[in-house]
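Me: I would like to go through the terms used for this model one by one. For each, tell me what the term requires and then what the structure shows.

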Amino acid sequence: MNKIYLDQASTSFPKAPSVADTVYHYLSNSPVNVSRGSYEAAYSVEEKIFETREQLRRLFHFTSGKNKNVIFTPNITTSLNILLKGLLKPGDHVLVSSMEHNAVMRPLVQLQKHGISFDRIPCAPDGSLLLDQADSLIKPSTRLLVCLHGSNVCGTLMPVEQIGEFCQKHHLFFILDTAQTAGSIPIDMEKLHLSALAFTGHKGLRGPQGTGGFLIRNELIPEITPLISGGTGSISHTEEVPDFLPDRFEPGTPNIPGILGLHAALSDLEQSSMEETFRHELKLTEIFIEKILDADPDGKHIRIIGKKDLKNRCPVASVQTPGIDMALAAYELDSTYGIMTRVGLHCAPSAHKTLGTYPTGTIRFSFGPENTQSEIEQAVEALFRITGTRQIEGDFIHGI
């Protein structure tokens, strides 16, 4: 049975064409360390890592920053922990959206036990941020607004330009979680007035798992206490944490094969049209939603969660199946029809409470640049058959 991969919001597949070859070549031919070897091979790898920082700075239009302001971490969750736990002090207050992923919410709930408070800016039942309600949540101690760019549950985008202006008005730091949008939607750090941008390498950037990081403005650097410290290969005569970038936030041996794989993925991204790719992904989203609405407008068998149009969204769609257990439906999608999705709460209970889908969750379908219209149509037809939305003539088992 051929498989159809519709779990791109979890990790992209297939990866960019040269990623696997780049990682294999490094591990097979020159698995040297960086900042720890005084020989040509080590310098050559370090230059590639420097180039990767430059690629990311260009991608996010961080014109006021330098390459050293691009920090590598194992993933976006680590990035957000470094930024939040390093920045916030007892007495500080934070604003978040009610659609946040646990990569933001769990650190903040931890920090509550240390005298830090937060308020959730309400969102509408389709996930849209009600920014006009944020003014009433501002306190003298409010220091930061942190939020995701796009929902990993239903695809709704946050109004980041307006949020950036709101933060400027109230003199707040603004940290953006781009897990679902980096590589798919153009992001301009300067235009959005971002203090820091956290990214992951293995989703829209189509690089390897275990890669991520953040881009940080100079004014935020002295405000953040490093969360992890250790050897950096630099100023080894002292036991103090370096005060310069990127070493201040990059202790220990980095994920060199992963970063080199990310370099290959970013090189591929630079040769393609992000706008064209995004249009393709949104077209697939439109086909998915419209076919379900046409067949089941009342949501009797398949209920679409969140927005039902393409305005202010990324290519993620969630459904509920009122007549059949969703875990069973997701299992049958995979086992019978070869369609891979994700079912449950997607590490985002706050979002599901906003959407009215807590605690049952949803079945999530998410689309990438290599997915095709035929694959989406097959996924919808499989959903119809599993849920009894309508009678389907003949056999329909993907790949048979």
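Reply: Two strands count as paired if DSSP finds at least two bridges between them. The model is a predicted one.

Me: What makes β9 and β10 a pair?

Reply: β9 and strand β10 (residues 316–320) are joined over three bridges, in the antiparallel sense. The requirement is at least two bridges, so the two strands count as a pair. Within this pairing, Ile305 stands opposite Ser318 in β10.

Me: Why are β9 and β12 called edge strands?

Reply: The open sheet has four strands in the order β9-β10-β13-β12, with antiparallel pairing. β9 (303–305) and β12 (342–344) each have a single partner strand, so one side of each is left without a neighbour in the sheet. From one strand to the next, the twist averages 30°.

Me: How do you know that α9 packs on the sheet, and which strands are involved?

Reply: Contact means heavy atoms within 4.5 Å. Helix α9 (residues 326–337) touches β10, β12 and β13 (362–366). The direction of α9 makes about 35° with that of β13.

Me: Which residues of α1 and α7 meet, and what is the class of the residues in that contact?

Reply: On the α1 side they are Val19, Thr22, Val23, Tyr26 and Leu27; on the α7 side, Ile256, Pro257, Leu260, Gly261, Ala264 and Ala265. Nine residues of this contact are nonpolar, two are polar and none is charged.

Me: At what angle do the two helices cross, and is the crossing left-handed or right-handed?

Reply: The axes of α1 (residues 19–29) and α7 (residues 256–270) come within 8 Å and cross at roughly 145°. The crossing is right-handed.

Me: What makes one space in this structure a cavity and another a pocket?

Reply: In a cavity a 1.4 Å probe fits but cannot get out, whereas a pocket is open. The structure holds one cavity of 30 Å³ or more, and the largest cavity has about 30 Å³ of space. Val96, Ser97, Ile121, Leu129, Leu145, Cys147 and Ile163 line the largest cavity; β3 (93–97) and β5 (142–148) are the elements that give two or more residues to this lining. Six of the lining residues are nonpolar, one is polar and none is charged.

Me: What lines the largest pocket?

Reply: The lining has 31 residues, with Arg53, Phe72, Glu250, Gly252 and Pro254 nearest the centre of the pocket. The largest pocket holds about 570 Å³ of space. By class, 14 lining residues are nonpolar, 10 polar and seven charged. α2 gives the most, with four residues.

Conventions. Residues numbered from 1 in each chain as written. Predicted model: local features only at pLDDT ≥ 70, side-chain atom pairs only at ≥ 80, totals over all residues. Heavy atoms only, no water. 1 Å grid on protein atoms, 1.4 Å probe; cavity = no way out; pocket = protein on both sides within 12 Å on 5 of 7 lines; lining within 4 Å. Points joined across faces, edges and corners; volume = space filled by probe spheres on them. Nonpolar A, V, L, I, M, F, W, Y, C, P; charged D, E, K, R; others polar. Axes fitted to C-alpha atoms, helices over the stretch in contact; angles between N-to-C directions. Left-handed = near helix turned anticlockwise from the far one by under 90°.
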